[in-house]
Amino acid sequence: MKISEILANNKITVSFEMFPPKQWDKIEKTKETVHTMAAQKPSFISVTYGAAGTRTGFTSEIANEIKKCGETPLYHLTCLTSTKEKIDSVLSSLQQDGIENVLALRGDIPENFNFPDKQYFHHAYELVKVIKQHGDFCVGAACYPEVHPESKSAHDDLLRLKEKTDCGVDFLTTQMFFDNDVFFDFKERCKLIGIKAPIIAGIMPITNASQINRSIQLSGCRFPKKFSAIIERFGDNAQSMKQAGVIYALEQIVDLIANGQNNIHIYTMNKGDVAAAIMKGLSDIINE
Ligand code: FAD
């Protein structure tokens with residue numbers, strides 16, 4: 001099923017993100033995690049692409065497993081280090097596998113990366129165009145409520161986002177954020193500039209203290225004071241921190257839904273128990 005159809009029915013949607021393993025010998029374990037995730041009946045499950053376009057086969061393997069479980073996969077695809085031929089070949093195999101949803105991403109710029117003269121892709125909007133030309137895919141793209149770290153300014157980032165969505169983006173998924181006001185402000189600015197694609201709010205349950213530095217490093221997002229207090233108080237106790245992280249994420253989600261944001265994406269970090277706790281916490285809300 002296309003994600004645009006899932007989002008069109010105005011119901012609350014909760015989707016999950018997973019990542020493939022780094023080594024092939026862990027693939028069966030990750031497939032087991034797919035089954036645990038699928039049992040929670042999310043609206044769809046996205047599967048990330050290795051940094052710098054590595055481990056393409058692993059992403060396909062996991063996306064196909066999601067499909068075998070009867071769930072809708074969203075295939076992340078990065079383009080920065082790929083040629084157009086490579087992208088075309090990935091898209092053709094997705095068509096063969098019946099995978100119809102792709103999240104079109106540029107990918108992070110690897111250290112010491114020189115753009116080759118013939119490099120086809122510099123930005124995600126170019127990939128969006130290629131995917132749309134290739135076939136009947138539902139195409140998502142990334143957006144950044146706290147501004148992409150490379151952007152000149154918040155306004156420039158928004159203009160670029162508008163250009164990207166105008167290339168045929170069917171939906172947007174946000175980078176993680178921990179302060180809902182940041183998201184609501186971003187959503188309003190998107191509306192004012194004329195971005196019409198539905199925006200899915202990305203929520204990362206922080207369930208251990210070591211995740212925090214990595215999350216800040218990756219996303220540049222800010223932690224509100226009340227979240228810092230949680231880390232300070234529970235960071236040294238793994239079980240308490242996990243519970244507090246899930247409760248914080250649930251509070252964020254309930255506030256988002258209460259304020260009209262129906263589409264939520266959970267960065268699960270492949271933790272089936274965390275995904276299950278979130279779904280349990282929302283069971284009546286989702287089915288209302
Ligand atoms: P772009 O849309 O190209 O934007 C990148 C920067 O370029 C922004 O600052 C933008 O303002 C600017 N820009 C855009 N167009 C232009 C233009 N025409 N001229 C000048 N500047 C421009 N990474 C992975 O490796 N694998 C994954 O699976 C993955 N999944 C992700 C999922 C989500 C929901 C998100 C939010 C991020 C994900 N990432 C992933 C990380 C992503 O690849 C990086 O954040 C990357 O640095 C930017 O990708 P983008 O698609 O947003 O790029």
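Helices (H or I, at least four residues) and strands (E, at least two) are DSSP runs, numbered from the N terminus. The model is predicted: local features need pLDDT of at least 70, side-chain atom pairs count only at pLDDT 80 or more, and totals for chains, interfaces and linings use all residues. Residues are numbered from 1 along each chain as its sequence is written, and side-chain values use heavy atoms, with hydrogens and water left out.

**Exercise 1. A pair in helix H3**

Task: State how Lys 68 and Glu 65 are placed in helix H3, and classify the accessibility of Lys 68 and of Glu 65.

Solution. 
- Step 1. A salt bridge is a side-chain nitrogen of Lys or Arg within 4 Å of a carboxyl oxygen of Asp or Glu. Lys 68 and Glu 65 form one, with their closest N and O atoms 3.6 Å apart.
- Step 2. Both residues belong to helix H3 (residues 56–68); because they are three residues apart there, about one helical turn separates them.
- Step 3. Buried means under 20% relative accessible area, exposed over 50%, and partly exposed in between (1.4 Å probe, protein chains only). Lys 68 has 67% relative accessibility, so it counts as exposed. Glu 65 has 9%, so it is buried.

**Exercise 2. Pairs across the chain**

Task: Locate the partners of the salt bridge between Glu 100 and Lys 2, and of the one between Asp 273 and Lys 242.

Solution. 
- Step 1. The whole structure holds 17 salt bridges. In one of them the side chains of Glu 100 and Lys 2 meet, at 3.8 Å from N to O. This pair links distant parts of the chain, 98 residues apart: Glu 100 is in the loop between helix H4 (84–97) and S4, and Lys 2 is in the segment before helix H1 (3–8).
- Step 2. Glu 100 is partly exposed at 26% relative accessibility, whereas Lys 2 is buried at 14%. A network of salt bridges links Lys 2, Glu 100 and Asp 136.
- Step 3. For Asp 273 and Lys 242, the closest N and O atoms are 2.5 Å apart. Asp 273 lies in helix H11 and Lys 242 in helix H10 (residues 238–258), 31 residues apart, and the pair links distant parts of the chain.
- Step 4. Asp 273, at 43% relative accessibility, counts as partly exposed; Lys 242, at 25%, is partly exposed.

**Exercise 3. Thr 268**

Task: Is Thr 268 buried or exposed, and which residues does Thr 268 touch?

Solution. 
- Step 1. Thr 268 sits in the loop between strand S8 (263–267) and helix H11 (272–281).
- Step 2. Its relative accessibility is 1%, so Thr 268 counts as buried.
- Step 3. Contact means heavy atoms within 4.5 Å. Leaving aside residues up to four places away in sequence, Thr 268 touches Phe 16, Glu 17, Met 18, Met 37 and Ala 275.
- Step 4. A polar atom of the Thr 268 side chain lies 2.6 Å from the backbone oxygen of Glu 17.

Note on methods:
Polar contact = N/O pair within 3.5 Å; in protein donor to acceptor, adjacent residues only side chain to side chain.
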